[in-house]
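Here are my comments on this model, point by point. Please read them with the structure open.

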Amino acid sequence: MRASKRDADTLTAFEPLWSGARHLLATAETQLSRLPTNTVQSRWVYQIGVLTAALDRLDELQEQWLETRDALPATAKPGTPVFDDALAEHHAETWSYLDDWATHGKALLEINSATRSTSSPLAPVPVPAPTPVQRTAAPR
């Protein structure tokens with residue numbers, strides 16, 4: 001029961017991120033390609049690969065769940081054993097891929113932080129404003 005609740009809660013927590021996950025991955029890949037080599041963590045490429053594969057699998061499992069749900073008898077509604085068992089199985093299948101996101105998702109933040117802390121070759125280097133010259137009162 002605990003594992004089933006964990007699986008459902010993990011999917012619920014990921015759902016707000018799911019719709020924008022591909023955009024986040026594409027942004028991270030673009031940022032990574034523009035970072036100076038000496039600022040790139042070697043694990044980031046691997047982690048983006050893990051996240052992409054996990055998202056691909058989550059999308060496949062979601063399609064399978066929709067097909068399974070649509071194939072259930074008309075009497076199978078949330079709260080009935082047939083529906084709840086099928087949904088619990090779906091949640092269990094998604095959990096390891098959601099765990100990949102929980103484990104490796106921070107790489108997206110790290111890449112973004114690295115990008116923000118390095119100067120862009122497209123942006124001019126900010127020039128400090130000139131300091132005002134102190135004038136002394138001229139003798140009369």
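1. A salt bridge here is a side-chain nitrogen of Lys or Arg within 4 Å of a carboxyl oxygen of Asp or Glu. The side chains of arginine 6 and aspartate 7 form one, at 2.7 Å from N to O. Note that the model is predicted.

2. How exposed are the two partners? Aspartate 7 has a relative accessible area of 4%. Buried means under 20%, so aspartate 7 is buried. Arginine 6 is partly exposed, at 38%.

3. The count of salt bridges comes to seven. One of them joins arginine 57 to glutamate 60, with N and O 2.9 Å apart. Both residues lie in helix H3, three residues apart, or about one turn of the helix. An α-helix has 3.6 residues a turn, so residues three or four places apart point the same way. Arginine 57 is partly exposed at 26% relative accessibility. Glutamate 60 is also partly exposed, at 42%.

4. Aspartate 70 and arginine 69 meet in a salt bridge as well, at 3.4 Å from N to O. Aspartate 70 counts as exposed, with 57% relative accessibility. Arginine 69 is partly exposed at 36%. Look too at Arg22, Asp56 and Asp59, which are linked in a network of salt bridges.

5. Now the overall fold. The chain has five helices and zero strands. Of its 140 residues, 26% are buried. Take the contacts with a separation of 6 or more: 74% of them are between residues 24 or more positions apart. The accessible surface comes to about 10,000 Å², and carbon and sulfur atoms hold 58% of it.

6. Helix H4 covers residues 81-104. Its span from first C-alpha to last is 34 Å, close to the 34 Å expected. Where is the kink in H4 centred? It is centred on tryptophan 95, and the angle is about 40°.

7. Several residues of H4 are buried, including Phe83, His90, His91, Leu98 and Trp101. Which helices do the buried residues of H4 pack against? They pack against H1 (2-18), H2, H3 (43-71) and H5 (106-117).

8. Leucine 32 deserves a look. It lies in helix H2, residues 21-34. Is leucine 32 buried or exposed? Leucine 32 is buried, because its relative accessible area is 14% and the cut-off is under 20%. Beyond residues up to four places away in sequence, leucine 32 touches Val40, Trp44, Val45, Ile48 and Ile111. Leucine 32 and threonine 115 are 83 residues apart in sequence, yet their C-alpha atoms are 7.8 Å apart in space.

Technical notes. Residues numbered from 1 in each chain as written. Predicted model: local features only at pLDDT ≥ 70, side-chain atom pairs only at ≥ 80, totals over all residues. Heavy atoms only, no water. Helix = DSSP H or I, 4+ residues; strand = E, 2+ residues; numbered from the N terminus. Buried < 20%, exposed > 50% of the residue type's maximum accessible area, 1.4 Å probe, protein only. Contact = heavy atoms within 4.5 Å. Areas by Shrake-Rupley, 256 points an atom, 1.4 Å probe, with all protein chains shown as cover. Expected span 1.5 Å × (residues − 1). Bend = angle between axes of the 7 residues up to and from the residue.
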